[in-house]
Amino acid sequence: QQRARFKACGSVLLRQAVAQSRREGFHGRLGLHALPQAESYYERCGMTRVAVDAAKEDLVYFEFGRSEAQQFLDGRMP
């Protein structure tokens, strides 16, 4: 059985994005368009599902608010 080579890669990248948002004065807030296979991951991370964006190939748009970003960083995801 092969070991998961990129396990937690998404979480590391998302943490870096939140950290960058904080450095730039946005308090961890960020938004993104998710591929369909990643939607459940972003929901598990505590991101808010905002809407389907017809202008972006009907991808779902997610956001981290200030408190959700902090919860994610603290490991207190819902």
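Residues are numbered from 1 along each chain as its sequence is written. In this predicted model, local features need pLDDT of at least 70 and side-chain atom pairs count only at pLDDT 80 or more, while totals for chains, interfaces and linings use all residues; side-chain values use heavy atoms, without hydrogens and water.

**Exercise 1.** Determine how the axes of helix H1 and helix H3 are placed, and which residues meet.

*Solution.* Helices are DSSP runs (H or I, at least four residues), numbered from the N terminus. Step one: the axes of H1 (residues 9-23) and H3 (residues 66-74) come within 11 Å and cross at roughly 130°. Axes are lines fitted to C-alpha atoms, for helices over the stretch in contact, with angles from 0 to 180 degrees between N-to-C directions. Step two: in H1, Ser 11, Leu 14, Arg 15, Val 18 and Arg 22 meet Ala 69, Gln 70, Phe 72 and Leu 73 of H3, where contact means heavy atoms within 4.5 Å.

**Exercise 2.** Is Ser 21 buried or exposed, and which residues does Ser 21 contact?

*Solution.* Step one: Ser 21 lies in helix H1. Step two: its relative accessible area is 7%, so Ser 21 is buried (under 20%; exposed is over 50%, partly exposed in between, with a 1.4 Å probe and protein chains only). Step three: apart from neighbours within four places in sequence, Ser 21 is in contact with Phe 26, His 27, Gly 28 and Arg 29.

**Exercise 3.** Locate Glu 24 and state its C-alpha separation from Ala 4.

*Solution.* Step one: Glu 24 is in the loop between H1 and strand S1 (30-34), a strand being a DSSP run of E with at least two residues. Step two: the C-alpha atoms of Glu 24 and Ala 4, 20 residues apart along the chain, are separated by 33 Å.
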